[in-house]
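These are my notebook entries on one structure. I record what I looked up, in the order in which I looked.

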Amino acid sequence: MHYSFNWALIFSDEYGRWFLEGLSITLQLSGLSIILALVLGTMLTTMRLSRIKPLVWFAVSYIEFFRNTPLVVQIFFWYFGSDPILPDFFKHWLYQQNIEFAIGVIALSTYTAAFIAEELRSGILSIPKTQLEASRATGLTFLQAMGYVILPQAFRIVVPPLISQFLNLIKNSSLAMTIGVMELTYMARQVEAHTFHGFEAFTVATLMYLSLSLLVSLGINQYNRRCLRVSR
Amino acid sequence: MKMWKMSVLLTVASLFLVLSAAQAGKIDEIKARGTLIAGVKDSQPPFGYVDENSRQIVGFEPELCAALAAKLGVKLELKPITSSTRIPMLEQGAIDLIAGTLTHQIAREEKIDFSITYFPAAQKLLVKADSGITSVADLAGKKVGSAKGSTSEQNIKKAQPECTVVSFETYPEAFLAMKQGKVVAVTTDAPILLGIRNSDDNPADWVIAGEDIAAEPYGIGVPENDSKFRDFVNISLMEMWKSGEYQALYDKWFGEKTNFHIPLTWTMELWP
């Protein structure tokens, strides 16, 4: 064992900048995907709890499909598999753009939405059914009752499991490197390939992921405690 | 607790054994063992790949290693390596040498030693035949595919700062992205590009284009600080060139009759 540690290398101008660039892409990728996944997840869970059969079927099959296939397969499907079904003129324009990043966001948000929908559903089901009945009785429509009465409470209840989903998403975002998105893990491998100091490179990446995750979970918990506190 | 202490002791003891083995010269070690263990590529035709019929690793580099083993009078054992495992495997002593499209880089000298160049590859572009791309200058504002961790990835960014590099796990994936139109070119060492091109159903649709983006001289990787072993490899390579054995081998894998025709236009570094 004659491994010589060289931490200064990692923080040198060039490699340090790579790590920051990677971190910034990871933040953008995760941030955008979290927002989209929340919106999509809420829509799915509303569909699933509605009384309209086709919507329920759609939501159930969506959730089961996306929860039960590996994310990497989904990423490759979106990236390589979508090619034959896209029209030519659109493809030509699309491929000039930053399609790798866009596919990363689509794959991460559609995947995580399935999990968020299930978390939200359990939150909604934990709210007494009488509340929905009471709000319907006062003349609110189903969507209004959901939007004003049920969902605001359900969201508060599911904050802790939602945090886990957000953290999962942040960690899953590293899979976007398989289609060439230059996020944090990609950059760490890049640094390793150039310097042969894999131990240092991945330690820095690990610490960055760890602090990012801790910040997110601390932040949301604080927000939940201070601003959304509900007496139950 | 006792078990725990015991296992620590055993680990330390085995570490010492490994270290003391590393002290003896590689040549003595190989001769005592009776086999030369060479790390070669197993999916990079024609450098090193698994033959469909015999299920054995064959290629230019395995045969080069066979010649070295013959000079030592020992048997040859081939171990498959990848671009990311080869240097750690050599450092740990799992293999005696690397003959696997290993570019001789100064940065790599920190970990291992190199022989003289046995194959002077150069980085080029693979593009669609009707794309109109003939040089690196044409890539401005376009997307170029490459593989992660390769020297090509870094070189193309230097040669054309205005292009976007999209890196994949392997070159076949980068090639698929080009076929779908997501990147306009794939860049790496010309012999590898030739291999990808010839694996396609319609090789004529693709051409290797552009100037030499960077030199990629392949050297045999040998353990750090074992100059006797490195001398042996260097002198053997030179002897093979002088006797014509090298040229015959080259012709077998890169000659006109093969799918990987690259004219032999260089001369090996020969010491008087």
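**Entry 1: Strand S7 of chain B**

I began with the pairing of S7(B) with strand S10 (residues 185–189) of chain B: five bridges join the two strands, which run antiparallel. Strands here are DSSP runs of E with at least two residues, helices are runs of H or I with at least four residues, and both are numbered from the N terminus. Two strands pair if DSSP finds at least two bridges between them. Within this pairing, I found Leu125(B) opposite Thr187(B) in S10(B).

Before going on, I noted that this is a predicted model, in which local features need pLDDT of at least 70, side-chain atom pairs count only at pLDDT 80 or more, and totals for chains, interfaces and linings use all residues. Residues are numbered from 1 along each chain as its sequence is written, and chains are lettered from A and ligands numbered from 1 in the order in which they are written.

Which other strands does S7(B) pair with? I found four bridges to strand S11 (residues 206–209) of chain B, again antiparallel, with Leu126(B) opposite Ile208(B). Strand S7 spans residues 113–128 of chain B, and seven bridges join this strand to strand S12 (residues 215–222) of chain B, also antiparallel. There, Ala121(B) has Glu216(B) as its bridge partner.

**Entry 2: A sheet of three strands in chain B**

I then looked up an open sheet of three strands in chain B, with the order S2-S3-S4 and antiparallel pairing. Strand S3 (residues 48–50) of chain B is joined to S4(B) by two bridges, and I noted Ile57(B) as the bridge partner of Val50(B).

**Entry 3: Domains of chain B**

How is chain B divided into domains? Domain 1 is 27–120 + 217–254, and domain 2 is 123–209; such bounds come from an automatic or database domain assignment. I recorded 28 Å between the C-alpha centres of the two domains. Six residues of domain 1 of chain B are in contact with four residues of domain 2 of chain B, where contact means that the C-beta atoms, placed from the backbone, lie within 7 Å. On the domain 1 side, I listed one nonpolar, five polar and no charged residues. In this scheme Ala, Val, Leu, Ile, Met, Phe, Trp, Tyr, Cys and Pro are nonpolar, Asp, Glu, Lys and Arg are charged, and the others, Gly among them, are polar.

**Entry 4: The two chains**

For chain A I noted 11 helices and zero strands; for chain B, nine helices and 12 strands. The C-alpha trace spans about 75 × 50 × 30 Å along its principal axes in chain A and about 65 × 55 × 40 Å in chain B. Of the 232 residues in chain A, 34% are buried, and of the 272 residues of chain B, 39% are buried. A residue is buried if 20 or more other C-beta atoms, placed from the backbone, lie within 10 Å of its own.

**Entry 5: Where the chains touch**

How many residues does each chain bring to the contact? Chain A brings 13 residues and chain B brings 14 residues. On the chain A side, the elements that give two or more residues are helix H5 (88–94), helix H6 (99–125) and helix H10 (184–195) of chain A. H10(A) gives the most, with three residues. By class, I recorded five nonpolar, four polar and four charged residues on that side of chain A.

Technical notes: Contact = placed C-beta atoms within 7 Å. Buried ≥ 20, exposed ≤ 12 C-beta atoms within 10 Å, placed from the backbone.
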